[in-house]
Amino acid sequence: MSEPNKPPEVKPRDWRDHWYEIIFEADTKAGKAFDVVLLVAILLSVLVIMLESVNSLDEDYNDPFHYAEWFFTILFTIEYVARIICARRPLRYIFSFYGIVDLLSILPTYIMNIAPGETQRLGVIRALRLLRAFRIFKLAHMLSEASELRRAIWASRSKIAVFLATVVIAVVIEGAALHLIEEDKNSGFDSIPESMYWAIVTMTTVGYGDIAPVTPLGKFLAAIIMILGYSLIIVPTGIVSAELAHGGRGSERIKITTQVCPECMREGHDSNATFCKFCGARL
């Protein structure tokens with residue numbers, strides 16, 4: 001007789017699993033507290049870098065800024081090393097999006113001591129780490145909306161490509177025409193690339209005013225591209241909106257959990273998922 005099916009053995013948790021739950025997850029009080037403290041530290045470190053860029057403040061508080069910068073750098077270095085130690089697949093974390101951002105957030109201060117300069121200003125990349133707030137503060141529903149928007153944009157890629165091609169063709173034709181008409185009028189249309197720059201600025205309704213046509217025909221073509229710009233500027237929004245409306249009909253939105261896969265380090269799993277949708281590992 002065959003033995004009855006036994007439930008799979010659950011591997012006992014060790015200290016790495018405990019700290020993994022705190023450092024990588026936001027589903028527990030300890031994990032959420034860790035990430036909230038981390039976010040506050042990120043905000044303060046970015047604020048220090050911004051204030052340090054003000055010359056008058058830097059002259060008066062150079063030493064405090066310097067010590068604060070090293071404090072946050074050492075703090076984030078310890079956190080980065082801890083994440084590598086706790087991760088089941090350290091290389092997966094190191095080469096993941098957040099892993100690369102975490103590394104880039106501490107490198108400028110170290111590089112500054114090897115190659116003196118303004119490299120510490122690059123530390124503002126730490127602001128990207130604030131994206132963790134989507135997990136920490138239970139904003140999973142926003143992740144669902146972001147996934148839906150990404151799907152709509154990807155589904156509309158052919159239409160958007162046609163739209164962009166139309167814009168590029170219009171810019172090239174308009175730029176070449178304005179260069180031909182305004183070349184000898186000292187109006188700034190000295191080359192086709194310069195004229196294309198003007199066409200892009202005009203079509204996007206920015207209108208710097210550094211280049212402007214002076215001939216009647218040039219002004220007439222400028223008016224056409226202005227009207228064309230107003231007509232085309234709403235096209236991408238309409239394309240994506242239509243795809244969003246089409247994709248949302250009759251479909252129930254799936255809630256996204258804050259769970260991070262311990263194997264592939266990817267997020268965005270369904271709330272009722274037991275296994276990772278990307279690598280198949282148990283969550």
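Predicted model: local features only at pLDDT ≥ 70, side-chain atom pairs only at ≥ 80, totals over all residues.
1. C276 is a buried residue, because its relative accessibility is 5%. Here buried means under 20% relative accessible area, exposed means over 50%, and partly exposed lies in between (1.4 Å probe, protein chains only). C86 is buried as well, with a relative accessible area of 7%. The structure holds zero disulfides, a disulfide being a pair of cysteine sulfur atoms within 2.5 Å.

2. Residues are numbered from 1 along each chain as its sequence is written, and side-chain values use heavy atoms, with hydrogens and water left out.

3. The protein chain contains twelve helices and zero strands. Its pattern along the sequence is therefore written α-α-α-α-α-α-α-α-α-α-α-α, where helices (H or I, at least four residues) and strands (E, at least two) are DSSP runs numbered from the N terminus. Of the 283 residues in the protein chain, 34% are buried.

4. W15, W19, V81 and I85 make a nonpolar surface patch of about 400 Å². Patches are made of residues with over 30% relative accessible area and no salt bridge; like charges are joined within 9 Å, and nonpolar side chains (Val, Leu, Ile, Met, Phe, Trp, Tyr) within 5 Å. Areas come from the Shrake-Rupley method with a 1.4 Å probe, and for residues only the protein chains shown count as cover. A salt bridge is a side-chain nitrogen of Lys or Arg within 4 Å of a carboxyl oxygen of Asp or Glu. At least two residues of the nonpolar patch come from each of α1 (15–24) and α4 (62–86). W19 is placed in helix α1 and is partly exposed, because its relative accessibility is 42%.

5. E183, D184, D190, E194 and D210 form a negative surface patch. Asp and Glu count as negative, Lys and Arg as positive, and His and the chain ends are not counted; the place of a charge is NZ of Lys, CZ of Arg, CG of Asp or CD of Glu. E183 is found in the loop between α9 (157–182) and α10 (192–203). With 39% relative accessibility, E183 is partly exposed.

6. Most residues other than glycine have a negative phi. T205 lies in the loop between α10 and α11 (216–232), and its relative accessible area of 38% makes T205 partly exposed.
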